[in-house]
Amino acid sequence: MNGLTRRKFLSTTACTASGMLLGTGAIAHAAGHRAGRADTPATPITRVLGRTGLRLPVVSMGVMRSDNPGLVRAALKAGIVHFDTAHGYQGGRNEEMLGTVFADYPRESFVVATKVKPEDGEGMGARKRWLGRVDMSLSRLAMEYVDILYLHAVGSPEETLSPTMLEAVQEAKESGRARFVGVSTHKNEPDVIDAAVESGVYDVVLTAVNFKQDHYTSIRAAIERAAKAGVGIVGMKTMAGAFLDKARTKPINCKAALKFVLQNEHVSTTIPGITSYPHLEENASVNFDLTLTEEERDALAAARPESGLYCQSCGQCTAGCPHGLPIPDFMRAYMYAHGYRDLALAQELLRNVSDRVQLCTDCGSCVASCVKGFSVVERIADVRRVLDIPADFLA
Amino acid sequence: MRPIVGIAAARPPRSAVLLHLLLLTASASPLAVTGESEDFFPPIPGWKVQAESTVYLPATLWEFINGAADLYLSYGFADLHVAYYTDSRGNEVRAEAYRHESPADAFGIYAQERPPESQAAPFGCEGYRESSMLNFVAGPLYIKLSSNQEGPEIDNALAAVARAVEGTHALPKEYPEGLGWLPKHGRVARSEQYAAHDHLGYTFFRKVFSARYGDAGECHVFVFQEPRAEDVGRVLDAYEAVAGPGGRGENEAVHEFRDPNNGPVTLVVRATKVLGIVDCRNEEIRKTIMEEFLRTP
């Protein structure tokens, strides 16, 4: 690709760093049908994405699980302007599909983000390989540039601050392959966000954030620090899996989940995955009303404790135990036995507290309660049986 | 096929029996019983194999594949075994065995990740290879083999692991049943996909197999089956609610819709199976596809 061509192209578009993405009128026109009154088009709620200056509706579209161009077109029609894809989605077909759709729209009328995983290794070779994959993405998208290019799925400050990858993303920006660069993360989010800010290189962080995260408070604080430093924040995984159970019989109130994240004004936009038209309509409606109703708050509160097997060791249960037992240890043993199928590890853990396990099962007056809704007594009684298994059976 | 049972971690068989007993007498667990990773990944000449003690489950899959977990979960992911093969020169092959709820689900996630231009690999019902990578799907298993080195030696090792896994477990080589409902004539090779939910963006198009047809893959064709004829009627009614009344062609089995989101869509009904053709302007292909579908018993 010709860097000069890209730079020249960027300098002649209407989309400058300080300008509006679209005239507000265009978005309003697209969403006009939502207004209660024909003479007052509805205006979506928009926020500026940090120092990028991009003003985006608060709900965008994560395209990862959709291979449906019709859905993308419908999203554009509904006023969504920002679309998130990645180099690795659907073997490249996801980017190709978007390229086909966007070919029919003026380049300045949408914002596209893609993501490329960090390259193994260091040095010029790794940098060139990464940029090669960026070029492949651009080719699939049939675009000269993407608006946001992320280092994909970064999980630590070390990865975020890799000298080779920092050079690579900077080169991507300077050569005009991307207007802005960022990192995406669903692991160690506060540390990655802080590292991204520290780098002084990344313009945007795409982070997992939702109402079920036990470390939501830490993520929120990191988001605030990033916002103060001018780094734009895009939220993902806002639906926390969309269902509470594997059989998909207990849906999460997705609209409430989305609104919850967007109560934080420092989250500029979100990219919920959309795979159906009803889902699109529901998500897009949040662009016009962020108010969390009492019913929605109740739905989130009810869903929050539902989890499964995994104790977060918050320790809040111990206060309710008359013997002051190390309940998180027992819960961890339960997880080892049933989650990880590691009976030896469960037994080893329990052996360290075996006399105290007995105190529990003999007690009969448990008032310990788990904020995640685990049945403390039942689980301790269950995992206690591991102590009876001869050790050499588990060796 | 050797059954996959027992404890997940690398433990002696006795513990497998004990875990079975523990789980059987425990309060209901949503977890499936999985196999021993060491047994799952057999040794190959010149290489040592070391299985990870952790078996990844739906709640922990993200720890291994991060944000990609969502997609796997949407395809009925059940568990993942991981092992590492190493040779005396320090070369390494990582082997991942994803077990899904059904062969269709496993095929679905495999096809999601399969690059359009990839070299076929003769394992399972279908496989492909790229530099330092070999993936294939067999029954409910999606096997992914990769290395951070490359070269003929690595390629040979990947193939050897694939053969060993396939042979040890006598993995099936048949495609999921639903793929057989798609007409053969004009189908673009290796374009088949499976969508468990929301095909074309509609909740009523579920468990759908699809493929591209025509010289340029210009026609998108899909097929699904409902349990009963009256369920097919409900799907047609639901689609009419979105796309308006379907026009009937010469053949009563054919319903033509003007889908506001997807363009012209033709649905062809044969008992409990429904074939869909999306915005296909090649009349010859349309006709051939419909005839073949209606002709097949």
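Analyst: A pocket here is an open set of grid points, on a 1 Å grid over the protein atoms alone, with protein on both sides within 12 Å along at least five of seven lines, and its lining residues are those that have an atom within 4 Å of a point. The model in question is predicted.

The second largest pocket holds about 1,000 Å³ of space. Its lining comprises 34 residues, and those nearest the centre are Asp67(A), Pro69(A), Arg212(B), Gly217(B) and His220(B). Three elements each contribute two or more residues to this lining: α3 (69-77) and α4 (93-102) of chain A, and β9 (208-213) of chain B. The greatest contribution is that of α4(A), which supplies 4 residues. Sorted by class, the lining consists of 14 polar, 10 nonpolar and 10 charged residues.

Between β8 (193-195) and β9 of chain B lies Asp198(B), a residue other than glycine whose phi is positive, at about 55 degrees. Most residues other than glycine have a negative phi. Asp198(B) has a relative accessible area of 18%, and because buried means under 20%, Asp198(B) falls in that class. A second case is Ser132(B), again not a glycine, with a positive phi of about 65 degrees. Ser132(B) sits in the loop that links β5 (126-130) to β6 (133-138) of chain B. With a relative accessibility of 9%, Ser132(B) is likewise buried.

The largest nonpolar core has 91 residues, and the members touching the most others are Met61(A), Val72(A), Phe83(A), Trp130(A), Phe205(B), Tyr239(B) and Leu267(B). Helix α10 (residues 254-262) of chain A provides the largest share of this core, 7 residues. Apart from this core there is another of 46 residues, including Phe77(B), Val82(B), Ala106(B) and Cys219(B). Leaving aside residues up to four places away in sequence, Tyr239(B) touches Tyr202(B), Phe204(B), Phe205(B), Gly244(B), Phe257(B), Asp259(B), Val265(B) and Leu267(B).

Finally, the confidence values. For the complex, the predictor reports an ipTM of 0.79 and a pTM of 0.76. Chain B has a mean pLDDT of 86, with 87% of its residues at 70 or more. Residues 1-34 of chain B, however, have a pLDDT below 50, although this stretch makes 86 contacts in the model beyond near neighbours in sequence. Where pLDDT is low, predicted coordinates should not be read in detail.

How values were computed:
Residues are numbered from 1 along each chain as its sequence is written. Chains are lettered from A and ligands numbered from 1 in the order in which they are written. This is a predicted model: local features need pLDDT of at least 70, side-chain atom pairs count only at pLDDT 80 or more; totals for chains, interfaces and linings use all residues. Side-chain values use heavy atoms; hydrogens and water are left out. A nonpolar core is a set of buried Ala, Val, Leu, Ile, Met, Phe, Trp, Tyr and Cys residues joined through side-chain atoms within 4.5 Å. Buried means under 20% relative accessible area, exposed over 50%, partly exposed in between (1.4 Å probe, protein chains only). Contact means heavy atoms within 4.5 Å. On a 1 Å grid over the protein atoms alone, a cavity is a set of points where a 1.4 Å probe fits but cannot get out, and a pocket is an open set with protein on both sides within 12 Å along at least five of seven lines; lining residues have an atom within 4 Å of a point. Grid points are joined across faces, edges and corners, and a volume is the space filled by probe spheres set on the points. Ala, Val, Leu, Ile, Met, Phe, Trp, Tyr, Cys and Pro count as nonpolar, Asp, Glu, Lys and Arg as charged, and the others, Gly among them, as polar. pLDDT is the predictor's confidence in each residue, from 0 to 100.
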